[in-house]
Amino acid sequence: MNRHTPILRALRGAAALLCVAAMGHASAATWVYVSNADSQEISVLALDRDKGSLMPVQTLNVGGTVMPMAVSPDKRVLYAALRSQPFRVVSLSIDAATGKLQKLGEAPLADSMANIDLDASGKWLFAASYQGGKISVNAIGKDGAAGPIQQLVQTAPNAHAVHADAGNRFVLATSLGGDNVSSWRFDAEKGLLSANDPPLTLGAAKSGPRHFVWDKAQRHLYLLDELDAALHVYAWDAARGTLKLEQSTTTLPPGFTGKPWAADLHLTPDGRFLYASERTSSTLSAFKVDAASGQLQPLGQTPTEKTPRGFAIDPGGRYLIAAGQESHGISLYAIDSTTGALGKPSRTDVGKNPNWIEIVDAP
């Protein structure tokens, strides 16, 4: 017997254990995807929630001005809309073990799209066009790749966000130029939208409705205006697909004197805190959510990356990651589960003009 054999066996055993440990870690991994518009690429990073750190995994060139993204309900496919011609959506499979992306295909979009999302079944992809004032529906194939345009609907100017409710019965879309939220009945079998009754919820003149989110219980909807940076709480009637205004507040810091330019908003998974980004002041505003009424209590602002167009909260609710369009970086914040306060940021450089973030726990 070679005198080195026991050592070799021990090394092989240790390597095997490391592989098993790595596989176990990968099965619980959290992947972060950042779209970088001007460098035409998606940055892939691993989030270590125990250490509160990010590690680069992959940089994937997608050959166009990549901006809004969405993830399939089963967390296996990432969709990225390209806002340069030809307008299209790129479907990318997610490797659960490594977080890396691989192209499944491309499909045409009806216009330059400011927002995309999937219905609850994962069979249909919605898109909203700011430039074109329209929303659309694309079919998604059995392989997860987005396919042809199923329907195209003209809206008021500057459509900005489009999402289906949890029941998959209604779709809402904001019109920044029309100062309204449109409500649509959704046929999930055929992938078709039809106007709800009433079809519109009107906002204040020149308020610019932009992004919105429902709470998990589907009792309230939170809407952020771009042009006045107001944040609204609506009661959501899940049976009728209608909204009723209950509260309005602001995301602007005290003493703000510039031109409001609000961008994004997200709830923590437990629904206890809501955050919103404002680009002129480059701040993140925090709010405590009243569990009974859904109303908001302002908690103040935190400085963040320059021009924070997009941010995301991890599925565990422990971290917030914000992207700076003009700083070309992202900042990772720990969220205090008791107070909602954001901790000291950890910064990572990514590509040029990062603007959208998706965070995925490996299935």
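Author: In this predicted model, the side chains of K134 and D111 form a salt bridge, with an N to O distance of 2.6 Å. The two partners come from distant parts of the chain, 23 residues apart: K134 belongs to strand β10, while D111 sits in the loop between β7 (101–108) and β8. With a relative accessible area of 11%, K134 is buried. D111 also counts as buried, at 13% relative accessibility. Side chains of opposite charge can pair when their charged atoms come close. A search of the whole structure finds nine salt bridges.

Strand β10 (residues 134–140), where K134 is located, runs antiparallel to β9 and is joined to it by six bridges. Across this pairing, W124 stands opposite A139. Four residues lie between the strands in the hairpin of β9 and β10, and there G133 adopts a positive phi near 60°.

Strand β9 also pairs with β8 (residues 115–118), again in the antiparallel sense, over four bridges. Here D117 is opposite F126 of β9. The hairpin of β8 and β9 has five residues between the strands, and G122 within that hairpin takes a positive phi near 80°.

As for β9 itself (residues 124–129), six of its six residues are buried, so the strand is largely enclosed by the rest of the structure. In a regular strand the side chains alternate between the two faces of the sheet. In β9, W124, F126 and A128 point one way, L125, A127 and S129 point the other way, and all are buried.

Technical notes:
Residues numbered from 1 in each chain as written. Predicted model: local features only at pLDDT ≥ 70, side-chain atom pairs only at ≥ 80, totals over all residues. Heavy atoms only, no water. Buried < 20%, exposed > 50% of the residue type's maximum accessible area, 1.4 Å probe, protein only. Helix = DSSP H or I, 4+ residues; strand = E, 2+ residues; numbered from the N terminus. Pairing = 2+ DSSP bridges. Salt bridge = Lys/Arg side-chain N within 4 Å of Asp/Glu carboxyl O.
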